[in-house]
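Some labels in a structure description rest on a cut-off. The questions below ask what stands behind each label.

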Amino acid sequence: MIELQRLSKRYGDTLAVDDLSFTIPTGLVTGFLGPNGAGKSTTMRMILGLDRPTSGKVLINGHRYDQLAEPLTHVGALLEAKAAQQGRSAYNHLLWLARSNRIPERRVAEVLDTVGLRDVARKRIGGFSLGMGQRLGIAAALLGDPAVLLFDEPVNGLDPEGILWIRTLMKSLAAEGRTVFVSSHLMSEMALTADHLIVIGRGRLLADLPMGEFIDRNSRSHVRVVTEQPEALMDALDGDAVAYRRGADGAFEAVGVEPGRIAKLASGRGLVLTELSLQRASLEEAFMEMTADAVEYHAGLAASDHEQRKQE
(Lines give C-alpha, C1' and ligand atoms only; values in the text may rest on other atoms or scores of the structure.)
Protein backbone atom coordinates (compact mmCIF):
# COMPACT_ATOMS: atom_id res chain seq x y z
CA MET A 1 0.00 0.00 0.00
CA ILE A 2 1.16 3.54 -0.80
CA GLU A 3 0.03 6.48 1.33
CA LEU A 4 0.48 10.12 0.35
CA GLN A 5 0.08 12.49 3.28
CA ARG A 6 -0.34 16.18 2.42
CA LEU A 7 2.38 15.93 -0.20
CA SER A 8 3.57 19.16 -1.85
CA LYS A 9 6.44 20.05 -4.17
CA ARG A 10 7.50 23.55 -5.15
CA TYR A 11 10.04 24.52 -7.82
CA GLY A 12 10.74 28.20 -7.24
CA ASP A 13 7.45 30.01 -7.79
CA THR A 14 5.79 26.92 -9.32
CA LEU A 15 3.72 24.67 -7.08
CA ALA A 16 3.88 21.37 -9.01
CA VAL A 17 2.11 19.25 -6.39
CA ASP A 18 -0.30 20.86 -3.97
CA ASP A 19 -1.24 19.14 -0.69
CA LEU A 20 -1.98 15.70 -2.15
CA SER A 21 -3.39 13.03 0.14
CA PHE A 22 -4.62 9.64 -1.03
CA THR A 23 -4.03 5.93 -0.54
CA ILE A 24 -3.22 3.44 -3.31
CA PRO A 25 -4.71 0.11 -2.18
CA THR A 26 -3.52 -3.43 -2.66
CA GLY A 27 -5.23 -5.92 -4.93
CA LEU A 28 -6.34 -3.37 -7.54
CA VAL A 29 -4.92 -1.72 -10.64
CA THR A 30 -5.08 1.97 -9.77
CA GLY A 31 -4.91 4.36 -12.71
CA PHE A 32 -3.23 7.76 -12.32
CA LEU A 33 -4.66 10.41 -14.66
CA GLY A 34 -4.21 14.11 -15.22
CA PRO A 35 -3.58 16.61 -18.02
CA ASN A 36 -0.03 17.48 -19.07
CA GLY A 37 1.61 19.50 -16.31
CA ALA A 38 -0.77 18.14 -13.66
CA GLY A 39 2.11 16.87 -11.48
CA LYS A 40 1.86 13.12 -12.17
CA SER A 41 5.56 12.55 -12.93
CA THR A 42 6.65 14.67 -9.96
CA THR A 43 4.33 12.70 -7.69
CA MET A 44 5.69 9.36 -8.90
CA ARG A 45 9.27 10.58 -8.46
CA MET A 46 8.52 11.60 -4.87
CA ILE A 47 6.99 8.19 -4.16
CA LEU A 48 10.31 6.65 -5.24
CA GLY A 49 12.46 9.14 -3.36
CA LEU A 50 13.88 10.67 -6.55
CA ASP A 51 12.52 14.11 -5.62
CA ARG A 52 12.31 15.43 -2.09
CA PRO A 53 8.89 16.81 -1.06
CA THR A 54 8.68 20.44 0.00
CA SER A 55 6.23 19.24 2.63
CA GLY A 56 4.31 16.08 3.48
CA LYS A 57 5.46 12.51 3.04
CA VAL A 58 4.94 9.23 1.20
CA LEU A 59 4.85 5.87 2.96
CA ILE A 60 5.21 2.50 1.23
CA ASN A 61 3.84 -0.19 3.51
CA GLY A 62 4.50 2.18 6.42
CA HIS A 63 8.04 3.26 5.43
CA ARG A 64 9.66 5.97 3.33
CA TYR A 65 11.38 4.65 0.21
CA ASP A 66 14.83 5.62 1.55
CA GLN A 67 14.19 3.49 4.65
CA LEU A 68 13.73 0.29 2.63
CA ALA A 69 16.58 -2.21 2.64
CA GLU A 70 17.06 -3.77 -0.83
CA PRO A 71 14.30 -1.47 -2.19
CA LEU A 72 13.84 -3.45 -5.44
CA THR A 73 12.47 -6.32 -3.37
CA HIS A 74 9.76 -3.99 -2.06
CA VAL A 75 9.03 -1.63 -4.97
CA GLY A 76 9.43 -2.09 -8.71
CA ALA A 77 9.07 0.86 -11.08
CA LEU A 78 9.12 1.74 -14.75
CA LEU A 79 9.52 5.50 -15.15
CA GLU A 80 11.90 5.85 -18.09
CA ALA A 81 12.66 2.74 -20.10
CA LYS A 82 15.77 4.23 -21.75
CA ALA A 83 17.38 5.00 -18.39
CA ALA A 84 19.82 2.10 -18.76
CA GLN A 85 23.46 1.98 -19.81
CA GLN A 86 23.21 1.47 -23.57
CA GLY A 87 26.46 -0.46 -23.90
CA ARG A 88 25.40 -3.25 -21.55
CA SER A 89 23.48 -6.32 -22.56
CA ALA A 90 19.97 -6.79 -21.22
CA TYR A 91 21.21 -9.68 -19.09
CA ASN A 92 24.10 -7.74 -17.55
CA HIS A 93 21.90 -4.70 -16.89
CA LEU A 94 19.50 -6.83 -14.87
CA LEU A 95 22.33 -8.78 -13.24
CA TRP A 96 23.85 -5.52 -11.96
CA LEU A 97 20.50 -4.50 -10.51
CA ALA A 98 20.03 -7.93 -8.95
CA ARG A 99 23.43 -7.93 -7.25
CA SER A 100 22.91 -4.40 -5.91
CA ASN A 101 19.79 -5.61 -4.08
CA ARG A 102 20.90 -9.16 -3.15
CA ILE A 103 18.45 -10.72 -5.59
CA PRO A 104 19.34 -14.25 -6.78
CA GLU A 105 20.85 -14.36 -10.28
CA ARG A 106 18.22 -16.89 -11.39
CA ARG A 107 15.65 -14.08 -11.30
CA VAL A 108 17.39 -12.40 -14.25
CA ALA A 109 16.60 -15.26 -16.60
CA GLU A 110 13.11 -15.60 -15.14
CA VAL A 111 12.06 -12.00 -15.77
CA LEU A 112 13.68 -11.92 -19.22
CA ASP A 113 11.57 -14.91 -20.09
CA THR A 114 8.47 -13.29 -18.59
CA VAL A 115 8.79 -10.17 -20.76
CA GLY A 116 9.77 -12.05 -23.91
CA LEU A 117 13.42 -10.95 -24.17
CA ARG A 118 15.12 -14.30 -23.62
CA ASP A 119 16.38 -14.48 -27.22
CA VAL A 120 18.01 -11.04 -27.07
CA ALA A 121 19.30 -11.26 -23.50
CA ARG A 122 22.96 -10.96 -24.58
CA LYS A 123 22.41 -8.10 -27.05
CA ARG A 124 23.31 -4.51 -26.23
CA ILE A 125 20.49 -2.32 -25.00
CA GLY A 126 21.52 0.47 -27.36
CA GLY A 127 20.23 -1.57 -30.29
CA PHE A 128 16.81 -2.18 -28.75
CA SER A 129 13.62 -0.76 -30.23
CA LEU A 130 11.33 1.38 -28.06
CA GLY A 131 9.10 -1.61 -27.40
CA MET A 132 12.02 -3.82 -26.40
CA GLY A 133 13.24 -1.07 -24.09
CA GLN A 134 9.81 -0.97 -22.46
CA ARG A 135 9.89 -4.72 -21.92
CA LEU A 136 13.35 -4.46 -20.35
CA GLY A 137 12.10 -1.71 -18.02
CA ILE A 138 9.20 -3.93 -16.99
CA ALA A 139 11.64 -6.80 -16.37
CA ALA A 140 13.65 -4.54 -14.07
CA ALA A 141 10.47 -3.60 -12.18
CA LEU A 142 9.62 -7.29 -11.69
CA LEU A 143 13.16 -8.34 -10.78
CA GLY A 144 12.80 -8.27 -6.98
CA ASP A 145 9.30 -9.82 -7.01
CA PRO A 146 8.02 -6.69 -5.21
CA ALA A 147 4.64 -6.17 -3.57
CA VAL A 148 4.37 -2.62 -4.96
CA LEU A 149 4.69 -1.74 -8.67
CA LEU A 150 4.62 1.65 -10.41
CA PHE A 151 4.36 1.99 -14.19
CA ASP A 152 4.54 5.27 -16.10
CA GLU A 153 3.18 4.92 -19.69
CA PRO A 154 3.93 1.15 -19.75
CA VAL A 155 2.45 0.50 -23.22
CA ASN A 156 4.64 3.09 -24.93
CA GLY A 157 6.12 1.56 -28.09
CA LEU A 158 4.42 -1.81 -27.67
CA ASP A 159 2.58 -3.51 -30.50
CA PRO A 160 -1.02 -4.78 -30.03
CA GLU A 161 0.20 -8.14 -28.73
CA GLY A 162 2.47 -6.36 -26.28
CA ILE A 163 -0.31 -4.06 -25.09
CA LEU A 164 -2.57 -7.04 -24.40
CA TRP A 165 0.32 -8.75 -22.61
CA ILE A 166 1.05 -5.81 -20.25
CA ARG A 167 -2.67 -5.32 -19.57
CA THR A 168 -2.98 -8.99 -18.58
CA LEU A 169 0.23 -8.81 -16.54
CA MET A 170 -0.92 -5.81 -14.49
CA LYS A 171 -4.28 -7.41 -13.77
CA SER A 172 -2.63 -10.66 -12.71
CA LEU A 173 -0.19 -8.82 -10.41
CA ALA A 174 -3.09 -7.03 -8.72
CA ALA A 175 -5.00 -10.32 -8.42
CA GLU A 176 -2.03 -11.67 -6.44
CA GLY A 177 -2.64 -8.93 -3.85
CA ARG A 178 0.03 -6.48 -5.02
CA THR A 179 -0.26 -2.70 -5.28
CA VAL A 180 -0.25 -1.69 -8.97
CA PHE A 181 -0.15 2.04 -9.79
CA VAL A 182 -0.12 3.00 -13.47
CA SER A 183 -0.04 6.36 -15.23
CA SER A 184 -1.08 6.66 -18.87
CA HIS A 185 -2.50 9.10 -21.41
CA LEU A 186 -4.21 6.28 -23.33
CA MET A 187 -7.75 6.49 -22.02
CA SER A 188 -9.03 3.50 -23.98
CA GLU A 189 -6.33 1.31 -22.48
CA MET A 190 -6.81 2.68 -18.97
CA ALA A 191 -10.54 1.94 -19.23
CA LEU A 192 -9.72 -1.71 -19.94
CA THR A 193 -7.05 -2.03 -17.25
CA ALA A 194 -7.75 0.08 -14.16
CA ASP A 195 -10.17 -0.81 -11.36
CA HIS A 196 -9.75 2.48 -9.51
CA LEU A 197 -8.74 6.01 -10.56
CA ILE A 198 -6.74 8.81 -9.01
CA VAL A 199 -7.12 12.04 -11.01
CA ILE A 200 -5.14 15.22 -10.38
CA GLY A 201 -5.09 18.64 -12.03
CA ARG A 202 -2.70 21.53 -11.41
CA GLY A 203 -1.16 19.46 -8.63
CA ARG A 204 -4.42 19.00 -6.71
CA LEU A 205 -6.55 15.90 -6.16
CA LEU A 206 -9.67 15.93 -8.35
CA ALA A 207 -10.96 12.38 -7.91
CA ASP A 208 -10.30 9.17 -5.99
CA LEU A 209 -12.99 6.75 -7.19
CA PRO A 210 -13.69 3.32 -8.65
CA MET A 211 -13.66 3.41 -12.47
CA GLY A 212 -17.42 2.98 -12.95
CA GLU A 213 -18.30 5.60 -10.36
CA PHE A 214 -15.88 8.09 -11.91
CA ILE A 215 -17.53 7.73 -15.33
CA ASP A 216 -21.04 7.95 -13.87
CA ARG A 217 -20.26 11.10 -11.89
CA ASN A 218 -18.45 12.96 -14.66
CA SER A 219 -20.39 12.19 -17.80
CA ARG A 220 -23.77 12.70 -19.36
CA SER A 221 -25.25 9.31 -20.07
CA HIS A 222 -28.47 9.16 -22.07
CA VAL A 223 -31.05 6.71 -23.36
CA ARG A 224 -31.09 6.33 -27.14
CA VAL A 225 -34.57 5.81 -28.55
CA VAL A 226 -35.47 5.08 -32.19
CA THR A 227 -39.02 4.82 -33.52
CA GLU A 228 -40.92 5.18 -36.78
CA GLN A 229 -43.45 7.34 -34.92
CA PRO A 230 -41.29 10.33 -33.92
CA GLU A 231 -44.13 12.86 -33.52
CA ALA A 232 -46.03 10.54 -31.20
CA LEU A 233 -42.89 9.87 -29.18
CA MET A 234 -42.23 13.59 -28.80
CA ASP A 235 -45.77 14.08 -27.50
CA ALA A 236 -45.26 11.25 -25.01
CA LEU A 237 -41.91 12.57 -23.78
CA ASP A 238 -43.21 16.12 -23.47
CA GLY A 239 -46.30 14.89 -21.65
CA ASP A 240 -44.16 13.02 -19.11
CA ALA A 241 -41.67 15.92 -18.73
CA VAL A 242 -38.72 13.88 -20.03
CA ALA A 243 -35.78 15.99 -21.23
CA TYR A 244 -34.50 14.94 -24.65
CA ARG A 245 -32.83 16.07 -27.85
CA ARG A 246 -32.80 14.81 -31.41
CA GLY A 247 -29.56 13.33 -32.70
CA ALA A 248 -28.19 13.95 -36.19
CA ASP A 249 -29.53 10.54 -37.30
CA GLY A 250 -33.04 11.29 -36.02
CA ALA A 251 -32.72 9.23 -32.86
CA PHE A 252 -33.97 10.63 -29.56
CA GLU A 253 -31.50 11.09 -26.72
CA ALA A 254 -33.35 11.19 -23.41
CA VAL A 255 -31.41 12.35 -20.34
CA GLY A 256 -32.02 11.87 -16.64
CA VAL A 257 -34.20 8.81 -17.18
CA GLU A 258 -33.85 5.03 -17.13
CA PRO A 259 -34.67 2.87 -20.21
CA GLY A 260 -37.48 1.15 -18.29
CA ARG A 261 -39.36 4.40 -17.90
CA ILE A 262 -39.16 5.05 -21.65
CA ALA A 263 -40.34 1.50 -22.41
CA LYS A 264 -43.31 1.86 -20.07
CA LEU A 265 -44.19 5.25 -21.55
CA ALA A 266 -44.03 3.93 -25.13
CA SER A 267 -46.08 0.86 -24.25
CA GLY A 268 -48.78 3.01 -22.70
CA ARG A 269 -49.03 5.03 -25.91
CA GLY A 270 -48.93 2.02 -28.20
CA LEU A 271 -45.58 3.12 -29.70
CA VAL A 272 -43.24 0.66 -31.38
CA LEU A 273 -39.57 1.24 -30.54
CA THR A 274 -36.94 -0.16 -32.88
CA GLU A 275 -34.09 0.73 -30.50
CA LEU A 276 -33.91 1.44 -26.78
CA SER A 277 -30.44 1.47 -25.24
CA LEU A 278 -28.51 3.15 -22.46
CA GLN A 279 -25.54 5.07 -23.89
CA ARG A 280 -22.77 5.40 -21.35
CA ALA A 281 -20.00 7.95 -21.83
CA SER A 282 -16.43 6.77 -22.27
CA LEU A 283 -13.63 7.28 -19.77
CA GLU A 284 -12.13 9.84 -22.15
CA GLU A 285 -15.34 11.89 -22.17
CA ALA A 286 -15.63 11.72 -18.39
CA PHE A 287 -11.97 12.69 -17.97
CA MET A 288 -12.30 15.67 -20.32
CA GLU A 289 -15.39 16.83 -18.44
CA MET A 290 -13.70 16.64 -15.03
CA THR A 291 -10.36 18.21 -16.04
CA ALA A 292 -11.70 20.95 -18.35
CA ASP A 293 -10.68 23.67 -15.87
CA ALA A 294 -7.35 22.04 -15.00
CA VAL A 295 -5.79 21.91 -18.49
CA GLU A 296 -2.78 24.20 -18.68
CA TYR A 297 -2.73 24.68 -22.47
CA HIS A 298 -5.65 24.64 -24.92
CA ALA A 299 -5.34 24.39 -28.69
CA GLY A 300 -7.58 26.75 -30.67
CA LEU A 301 -10.60 24.48 -31.19
CA ALA A 302 -10.23 22.86 -27.82
CA ALA A 303 -10.22 26.28 -26.15
CA SER A 304 -13.51 27.29 -27.75
CA ASP A 305 -15.03 23.93 -26.84
CA HIS A 306 -13.79 24.47 -23.30
CA GLU A 307 -15.53 27.83 -23.06
CA GLN A 308 -18.71 26.37 -24.48
CA ARG A 309 -18.69 23.58 -21.87
CA LYS A 310 -18.30 26.17 -19.10
CA GLN A 311 -21.36 28.05 -20.35
CA GLU A 312 -23.58 24.93 -20.56
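Predicted model: local features only at pLDDT ≥ 70, side-chain atom pairs only at ≥ 80, totals over all residues.

**Labels and the values behind them**

Gln134 is found in helix α4 (residues 130-142).

Q: Why is Gln134 called buried?
A: Its relative accessible area is 5%. Buried means under 20%, so Gln134 is buried with its 5%.

Q: Which residues does Gln134 touch, not counting residues up to four places away in sequence?
A: Gln134 touches Leu78, Ala81, Glu153, Pro154, Val155, Asn156 and Leu158. A contact requires heavy atoms within 4.5 Å.

Q: How do you know that the buried residues of α9 are on the same side of the helix?
A: In α9 (residues 259-268), the buried residues are Ile262, Leu265 and Ala266. They cover an arc of only 95° around the axis, which puts them on the same side of α9. An α-helix has 3.6 residues a turn, so residues three or four places apart point the same way. Lys264, Ser267 and Gly268, on the other side of α9, are exposed.

Q: What do the buried residues of α9 pack against?
A: They pack against β10 (222-227), α8 (230-239), β12 (252-255) and β13 (273-279). After α9 comes Gly270, with a positive phi near 70°.

Q: What makes β5 and β9 the edge strands of the open sheet?
A: The sheet has 6 strands in the order β5-β6-β7-β3-β8-β9, with mixed pairing. β5 (75-78) and β9 (204-210) each pair on one side only, and these are the edge strands. From one strand to the next the twist averages 15°.

Q: How do you know that β3 and β7 pair?
A: Two strands pair if there are at least two bridges between them. Strand β3 (residues 29-33) and strand β7 (residues 179-183) have 4 bridges, in the parallel sense. The bridge partner of Val29 in β7 is Val180.

Q: Which helix lies across β3, β6, β7 and β8?
A: Helix α1 (residues 40-47) lies across these strands, and runs at about 150° to β6 (148-152). Helix α5 (residues 160-175) also packs on the sheet, where it touches β3, β6 and β7. The direction of α5 makes about 150° with that of β7.

Q: Why is the pair of Phe22 and Phe32 called tilted?
A: A search of the whole structure finds 4 aromatic pairs. Phe22 and Phe32 form one with 6.3 Å centre to centre and 50° between the planes. Rings pair if their centres lie within 6.5 Å, and planes under 30 degrees apart count as stacked, over 60 as edge-to-face and the rest as tilted. The 6.3 Å therefore makes Phe22 and Phe32 a pair, and the 50° makes the pair tilted.

Q: What does the pair of Phe22 and Phe32 tie together?
A: Phe22 lies in strand β2 (residues 14-24) and Phe32 in strand β3, so the pair ties together parts that are 10 residues apart in sequence. Phe22 and Phe32 are buried. Phe22, Phe32 and Phe181 form one aromatic cluster.

Q: What sits over the ring of Phe252?
A: The charged end of Arg246 sits over this ring, 4.2 Å from its centre. The distance limit for such a charge is within 6 Å of the ring centre. In the case of Tyr91, the charged end of Arg122 sits over the ring, 4.0 Å from its centre.

How values were computed:
Residues numbered from 1 in each chain as written. Heavy atoms only, no water. Buried < 20%, exposed > 50% of the residue type's maximum accessible area, 1.4 Å probe, protein only. Helix = DSSP H or I, 4+ residues; strand = E, 2+ residues; numbered from the N terminus. Arc of directions from axis to C-beta. Axes fitted to C-alpha atoms, helices over the stretch in contact; angles between N-to-C directions. Phe/Tyr/Trp six-rings, centres within 6.5 Å; stacked < 30°, edge-to-face > 60°. Lys NZ or Arg CZ within 6 Å of the ring centre and 35° of its normal.
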